Amino acid sequence: MKKNVQKKIISICLFMLVTILAYGWRLGTGRVIHSDELSVVFAGKDMLSNDPFLKGWHMTTGVFLLPTLELAVLVNIFGYSETLVYLAAGINYALMVLSGIWIVCLYAKKWSVKKADSYAAAALLILLVPRSVTLLNAGTHVLSYAAAILSILFTYRLSETSTGAWKNAVWIFVLGLLSVTNSMFLYTACVPVLLVGILSSYEDRKEHKISGLLYYGAASVILYAVFQKVWTGIRGDRLGGIDTVFTSREDIWDHVVIGMCNILEVFGIDFWGEKVVSVSTCRAGAGFLILSKLTYEIYRYLKIKKKQDREIVYLFLAMGMVNIAAYIFSTVPAYSPDVNLIQPFLIGFTLAGILAWMYNDRDKEGHSGRKYNEIVLCALFLFLLLFPAFTFHQPDNSNRRKAAEYLQEQGYQKGFAAYWDAASVMYASKGKLEIEPVIGHNIVEVTEDTSLVAYRWMTRKEWEQQEGNFLIADTESDMQYAINENTILQTFGQYQEKKQFGEITVYLWNEKKRLPGYK
């Protein structure tokens, strides 16, 4: 009993520590809270009140339903707080990391592995540092990654036990529902389950045994397609603003290079253009040793013919392989070439490597523990070299708050803004302002005739038809969205006043204006 209490206390302390680290890293990046992670708050509030299928919303690349509902619920309970959003990002990241560590600990206990703490420590140190600052945004894929890790475990456990038809049906329904809430769950959980189910059934063909994973995987993928069709049909509009399609043959090699470079980068192997003697070279050396060790252990594991719990290793290996294959063969690298969307490879490959390593060495006697400590030291070294900026001082977002306060004090209610300012100023106003994002109708070739139009990207449809008498822009609006004085005048005519709040500019009109196309 005392051991169980000790374990629970350690788990809670570890969860709090990882949350605090992720929270401090997010603050250390200096990134203020922007519309990308705040627009989901308003979508979530609509889902909870009167629009469960988001019929009244234009979507982004897809649906981020888990963080959407999470943030909406938190805001409903605790109010519009910036600290709340930063903490939610930290909590989500801790859930993702510790979900993986929990699985390592479970199988260390099941296989009676010696030096189990070393394996768990190595996994924790490898996974702990966020490889992309985007992963510390509250409205990203991170919750889906955590859900995928846990779903792989639960699906495998259910496939190994005799359960009733209703339990199986309920779990398949959950998998299908989770996949339609975020397509990354489909690629990190459902598709790996299906592929491993096919592989396991092939390996067991002589015993005429079909893996339970095959049923779960196939049914969840089919349900994903059905739910997608139903949701799209109810909405009367597609869920994603960008269709992900196969890339052209001409771009395949470029995508292979980008994908391989990103795989190296997530393990700290990023020394291109750096001095021979540098921090980057040291980091690359530690990362190379860790990547090589994980690869070697997976290779050793795959050579074992008869092995216990083989599917759990296969599943996490499939998570990594499916992720990199989907990345390389799609058009994704064209608009997201950084390591943001390669995180599932890091998760899957690391967990597969650690589990394989534990299994390979589980029966060996007489270990001194030295080799384990060496790899933990490499992981610790890599962790320290990758350690991002850390602070508890929140980035200065006061100018957006000042703009929101001024507009409310002057009686303004509805208006327009550059995308990064629209939802963030709305949030700063505690939802009192209604702001439609705008963009130049031709940002590729801006001319004197370029005017502003509605930016249909994670925004409520009715906002683009509203009348407003202010427009908010920032210093980057001209470059990204073609929002400058000329395009503003071309769209709304001469403004009566212009207010400056640091990098935030607020244009004001006496009479209400509408975007072109709405009379």
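Visitor: Which helix gives the largest share of the lining of the second largest pocket?

Guide: That's α4, with 8 residues. It's a predicted model, so to speak: local features need pLDDT of at least 70, side-chain atom pairs count only at pLDDT 80 or more, and totals for chains, interfaces and linings use all residues. Residues are numbered from 1 along each chain as its sequence is written, and side-chain values use heavy atoms, with hydrogens and water left out.

Visitor: What counts as a pocket and its lining here?

Guide: On a 1 Å grid over the protein atoms alone, a pocket is an open set of points with protein on both sides within 12 Å along at least five of seven lines, and lining residues have an atom within 4 Å of a point. Helices are DSSP runs of H or I with at least four residues, strands are E runs of at least two, and both are numbered from the N terminus.

Visitor: What's the volume of the second largest pocket, and which residues are closest to its centre?

Guide: The volume is about 840 Å³, taken as the space filled by probe spheres set on grid points that are joined across faces, edges and corners. Of the 21 lining residues, K7, S11, I101, W102 and C105 are the closest to the centre.

Visitor: Which helices supply at least two lining residues each?

Guide: α1 (2-28), α4 (82-110) and α5 (116-128).

Visitor: And the lining by class?

Guide: There are 16 nonpolar, 2 polar and 3 charged residues. Ala, Val, Leu, Ile, Met, Phe, Trp, Tyr, Cys and Pro count as nonpolar, Asp, Glu, Lys and Arg as charged, and the others, Gly among them, as polar.

Visitor: OK, new topic: which residues touch the most other members of the largest nonpolar core?

Guide: F267, F316 and L471, in a core of 164 residues. α4 turns up again, giving the most to this core with 15 residues. Such a core is a set of buried Ala, Val, Leu, Ile, Met, Phe, Trp, Tyr and Cys residues joined through side-chain atoms within 4.5 Å. Buried means under 20% relative accessible area, exposed over 50%, and partly exposed in between, with a 1.4 Å probe and protein chains only.

Visitor: What is L471 in contact with?

Guide: Leaving aside neighbours within four places in sequence, the partners of L471 include F416, V438, L452, I483, F492 and W509. Contact means heavy atoms within 4.5 Å.

Visitor: Which residues other than glycine have a positive phi?

Guide: L54 is one of them, with phi near 55°, and A482 has phi near 60°. L54 lies in the loop between α2 (35-49) and β1 (57-58), while A482 sits in the loop between α18 (477-481) and α19 (485-492).

Visitor: Is L54 buried or exposed?

Guide: L54 is buried, at 2% relative accessibility. A482 is buried too, with a relative accessible area of 2%.

Visitor: How about R310, buried or exposed?

Guide: R310 counts as buried because its relative accessibility is 13%. R310 is in helix α12 (residues 310-329) and touches Y156, S200, E203, D204 and Y301, not counting residues up to four places away in sequence.

Visitor: Last one: what span should α14 have?

Guide: α14 (residues 343-360) has 18 residues, so at 1.5 Å a residue it should span 26 Å, and its end C-alpha atoms are 26 Å apart, which agrees. The expected span is 1.5 Å times one less than the number of residues. As for cover, 18 of the 18 residues of α14 are buried.

How values were computed. 1 Å grid on protein atoms, 1.4 Å probe; cavity = no way out; pocket = protein on both sides within 12 Å on 5 of 7 lines; lining within 4 Å.
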